Amino acid sequence: MFREHRRRLLELLRSQEAACIVPSGGLKTRNADCEYRFRPISDFYYLTGFREPDSILVLLPEAAEQKAVLFLRERDAKAESWTGRRLGVERACKELGVDAAHAIGEFWDRLPELLVGHQRIVHRMGNDPDRDRLLTEMVSELQQAHRKSGKLTPTEWLDPEASLHELRLVKDEAEVAEMRRASWISAEAHIAAMQAVEPGRNESEIDALLDYTFRRNGSTGAAYNNIVAGGENACILHYIENDKALVDGELLLIDSGCEWNFYATDVTRTIPVSGRFSPEQKAIYELVLRAQKEAIELVRPGNTFVQIHDCAVEILVLGLIELGLLAGPLEKELQSEDYYRFYMHKTGHWLGLDVHECGSYYHAGTDRKFEPGMVATVEPGLYIAADDSTVEARWRGIGVRIEDDILVTAGGHEILSAAIPKEVDEVEAICQGKPPGMKAGERKAANEAT
Ligand SMILES: [Mn+2]
């Protein structure tokens, strides 16, 4: 898969006469001597499958033979006994299929000559100011050195958006398989959370259960900080404190997805803590669910996120008018955008190695059209602030979002997260302790069969 990704990118780079420099990222200090668990930058992982920090891949379409050159940490018995095993330079070519491998310490010495013969360099600026400065200095020195040699040296920087990120946006079959596996594990976690929810438990217990279910199934962990938001906490869109008690009669919003080999899922379910929706909660929930299903129906080649969003907004606003939460009529409400109080975010985003996957939302001067292989989230919601005195008290503090991951296919779409229940009666049954339609083993077998 990674070799194929490099091959495709090299083809694009050749048409741009560009070399490409892709770093893995390095360790980040959390506090004192502790570091955050390392996770490679997605661009780097996409092209190498390599998980070690302090590595840089250089792709050189104009090179005679060594078109994929990896710089990485050298073997070091003493360091490895403290901080873990390293692949090392000697094994890199065989293990990763790159054409050449060198110690990361040789990067700045070797890079200039590698770049000769390329007119442009694809590199994302802004992530590491020190490296950006060294790169630009190195390039001007290289230009100077070759001013009279007649050899081509780089004169222009390109962002990866037009090449690498275009490739990442459209998933191949091997990538879809990774996302299916991630979706299955996320389903296990959401179902486990539904089974565990109970008044008096803490959001932190559900948070921990999600992480536990991810990791015990071999996931590389949560794709983003879990949002486990009881009651009115659901109205804080990126609530991650996850430390309040779950209250009888309230809802619990869980926005949580795992990574499988760093491929992300992003799923939200909103469930009743006591196992039963109140009439007001159910009204809001069913409205959001209807908006989500109608919006998902529009995910097919040729359609756009704008259509998805407009569809969801119209259904939500109509429903809010019916429920007496907006005055109406529809046209006036859409124009005044008063609904922003209840629905203030967009309805979806790209998904892949990053939760907010790369790839432009505008393309060739217009809204990006869906193509087979793209993966998008569809996630409408409604959030009624606890202190919103313009609505009756019975509605206040209700926050609902429902989110699924949708693969665009030639004939329409496939809901990757379809195994996670979202119908009112299904969700209530599982929250009340009744067994889900499929047993865990059956869900695993179904996932492995796809
Ligand atoms: Mn999302």
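Okay, one term before we start: a residue is buried when its relative accessible area is under 20%, exposed when that is over 50%, and partly exposed in between, using a 1.4 Å probe and protein chains only. What we have here is a predicted model, where local features need pLDDT of at least 70, side-chain atom pairs count only at pLDDT 80 or more, and totals for chains, interfaces and linings use all residues. Numbering runs from 1 along each chain as its sequence is written, and side-chain values use heavy atoms, with hydrogens and water left out.

So, what holds the manganese ion? Asp266 (OD), His349 (NE2), Glu379 (OE) and Glu403 (OE) coordinate the manganese ion, at 2.0 to 2.4 Å. Donors here are N, O and S atoms within 2.8 Å of the metal (3.2 Å for Na, K and Ca), and since water is not among the atoms, sites may look incomplete.

Is Asp266 buried or exposed? Buried, at 4% relative accessibility. His349 is buried too, at 9%, and Glu379 is buried with a relative accessible area of 9%.

Let's stay with Glu379. You'll find Glu379 in the loop between strand E17 (375-378) and strand E18 (381-383); strands (E, at least two residues) and helices (H or I, at least four) are DSSP runs, numbered from the N terminus. Leaving aside residues up to four places away in sequence, Glu379 touches several residues, among them Asp266, His349 and Glu403, where contact means heavy atoms within 4.5 Å.
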